[in-house]
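Please read it alongside the sequence and the coordinates.

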Amino acid sequence: MKNILVTGGSGFIGSNFVRLCLEKVPACRLINLDKLTYAGNPGNLLDVADDFRYRFVHGDICDASLVGQLFQEEKIDTVIHFAAESHVDRSIEGPAEFIQTNIVGTFTLLEAARKAWKLDNNEKSVTGDDEAVTESSPRFLHVSTDEVYGSLGETGLFEETTPYDPRSPYSASKASSDHLVSAYYHTYGLPILMTNCSNNYGPFQFPEKLIPLIINNALNSKDLPVYGDGKNVRDWLYVVDHCTAIIKVLQNGKVGETYNVGGNSEKQNIEVVQTICDILDEKVAPLESGEVRRSLIKFVKDRAGHDRRYAIDASKLKNELGWEPSVDFNDGIRMTIDWYLDNTEWISAVIDGSYQDYYDKLYGER
Ligand code: NAD
Ligand code: TYD
């Protein structure tokens with residue numbers, strides 16, 4: 001039985017991960033530590049709230065005493081660290097929370113793991129001795145992003161060895177946390193694993209990110225803002241594929257290693273937006289104006305420091321661990337649109353802010 005501390009499990013990827021992990025890994029107990037910022041939604045996990053293997057803890061990863069207490073009382077042997085401030089535009093408006101959660105929060109977790117797992121710089125029990133790593137060894141899996149590598153030109157792919165070159169406060173804070181994680185491996189022998197993933201999409205994504213924002217606006221006849229010329233490229237990965245990659249890395253990855261995770265699915269933003277418009281035109285009632293949804297597209301001022309292109313080389317994960325994405329973008333975007341169409345209650349609760357009341361319904365007054 002693994003006792004897994006999942007941080008940020010009430011967010012987009014974290015909640016998809018919790019659901020998948022409970023389904024695929026029967027011998028696990030999951031403790032979800034989440035601060036429930038605007039991005040955390042207990043309603044994302046209503047269906048597993050009563051599972052005896054799942055516990056929700058409302059709290060901040062920067063709270064060293066709470067984190068230390070959880071390691072002890074739950075005998076945590078595995079950490080999957082999702083919790084972060086995750087939206088680039090918000091990091092441009094106000095970077096402070098990004099520094100706090102992404103850097104100080106990661107540091108707090110690393111320290112708690114180091115203490116709980118009794119590692120110090122004289123006791124490098126894992127590094128340099130792969131034979132010592134067993135199924136029951138503790139593991140700290142840090143979930144990161146491809147944005148730490150900076151921006152690509154027309155060609156080339158991010159590899160695990162690509163030098164870090166973050167450009168936004170978000171990516172700089174994630175790069176900083178990656179360096180801390182790596183330093184704890186080299187210095188203390190903390191048994192870390194790291195994944196750097198491309199842009200995710202799918203169910204439960206907060207509608208500030210491109211895909212859910214466009215779906216929601218297009219359904220409500222609102223403008224569809226496209227930054228700059230719309231030709232920035234992202235490599236899209238269906239969220240459940242990201243979660244299967246994380247489980248694979250956790251179970252079979254080599255301690256100390258980084259694995260890039262990508263969808264092999266590069267698209268210009270404008271292509272993504274047009275695709276969503278066309279699928280919605282096909283699936284739902286036409287706009288009142290009688291025009292096609294592409295007419296709602298508005299090119300707006302570009303994002304400051306907008307990275308031009310991201311694209312991942314995920315061949316290490318494929319060759320060493322046998323992972324490949326299973327959902328291609330054309331299917332994934334239809335599945336995602338269907339999910340938003342079928343879950344109008346979820347989206348309206350998020351838009352009107354009432355999603356935060358799910359907490360009281362599930363766990364009583366805060
Ligand atoms: P999200 O913004 O949807 O969710 C973040 C979660 O973390 C929320 O539940 C929030 O309440 C929680 N949280 C924030 N600050 C916290 C704190 N101080 N203490 C405890 N909980 C806190 O993010 P996401 O899109 O699910 O991303 C999850 C992770 O994956 C992040 O680390 C992100 O950098 C990384 N990532 C995301 C993408 C993507 O496309 N979304 C791609 C690659 C990597
Ligand atoms: P986003 O979903 O914010 O992810 P990230 O910045 O982490 O890649 O944005 C994806 C791309 O879409 C990015 O190039 C910025 C662009 N974008 C828009 O053109 N309009 C929007 O309203 C948003 C939110 C993003």
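The secondary structure of this predicted model comes to 12 helices and 13 strands, where helices (H or I, at least four residues) and strands (E, at least two) are DSSP runs numbered from the N terminus. The radius of gyration, taken over C-alpha atoms, is 20 Å, close to the 21 Å that the globule rule (2.2 Å times the number of residues to the power 0.38) gives for 366 residues, so the chain is as compact as a globular protein of that length. Along the principal axes, the C-alpha atoms fill a box of roughly 70 × 50 × 35 Å. Of the 366 residues, 56% count as buried, a term that means under 20% relative accessible area, with exposed meaning over 50% and partly exposed what lies in between (1.4 Å probe, protein chains only). Contacts, defined by heavy atoms within 4.5 Å, are counted here at a separation of 6 or more, and residues 24 or more positions apart account for 82% of them.

Residues are numbered from 1 along each chain as its sequence is written, while chains are lettered from A and ligands numbered from 1 in the order in which they are written. Because the model is predicted, local features need pLDDT of at least 70 and side-chain atom pairs count only at pLDDT 80 or more, whereas totals for chains, interfaces and linings use all residues, and side-chain values use heavy atoms, with hydrogens and water left out.

**Helix packing**

Two packed helices are described by the angle between their axes and the distance between the axes. Axes are lines fitted to C-alpha atoms, for helices over the stretch in contact, and angles run from 0 to 180 degrees between N-to-C directions. The axes of helix 1 (residues 12–24) and helix 7 (residues 239–252) cross at roughly 60° and come within 9 Å. That angle makes helix 1 oblique to helix 7, given that angles under 35 degrees count as roughly parallel, over 145 as roughly antiparallel, 65 to 115 as roughly perpendicular and the rest as oblique. On the side of helix 1 the contact is made by F12, I13, N16, F17, L20 and C21, and on the side of helix 7 by V239, V240, H242, C243, T244, I246 and I247. These residues divide into 10 nonpolar, 3 polar and no charged, where Ala, Val, Leu, Ile, Met, Phe, Trp, Tyr, Cys and Pro count as nonpolar, Asp, Glu, Lys and Arg as charged, and the others, Gly among them, as polar.

The axes of helix 2 (residues 64–73) and helix 4 (residues 96–116) come within 9 Å and cross at roughly 40°, and helix 2 passes helix 4 in a right-handed crossing. Helix 2 contributes A64, V67, F71 and Q72 to the contact, and helix 4 contributes T108, L109, A112, A113 and A116. The residues of this contact divide into 7 nonpolar, 2 polar and no charged.

Helix 6 (residues 210–219) is mostly covered, with 7 of its 10 residues buried, namely I211, P212, I214, I215, N216, N217 and A218. These buried residues pack against strand 7 (200–201), strand 8 (224–227), helix 8 (269–283), helix 10 and helix 11 (344–352). In the loop between strand 7 and helix 6 lies F204, whose phi is near 75°, a positive value in a residue other than glycine. In the loop between helix 6 and strand 8 lies S221, which has a positive phi of about 55° although it is not a glycine.

**Individual residues**

The relative accessible areas of selected residues are as follows.

| Residue | Relative accessible area | Class |
|---|---|---|
| S177 | 1% | buried |
| L250 | 12% | buried |
| F204 | 12% | buried |
| S221 | 45% | partly exposed |
| D342 | 64% | exposed |

Leaving aside residues up to four places away in sequence, S177, which lies in helix 5 (residues 169–188), touches N102, T106 and H142. With the same exclusion, L250 of helix 7 touches T78, I80, R139, L141 and L193. The C-alpha atoms of L250 and L287, 37 residues apart along the chain, are separated by 46 Å. D342 lies in helix 10 (residues 329–342), and its C-alpha atom is separated by 27 Å from that of G262, 80 residues apart along the chain.

Methods: A crossing is left-handed if the near helix is turned anticlockwise from the far one by less than a right angle, and right-handed if clockwise.
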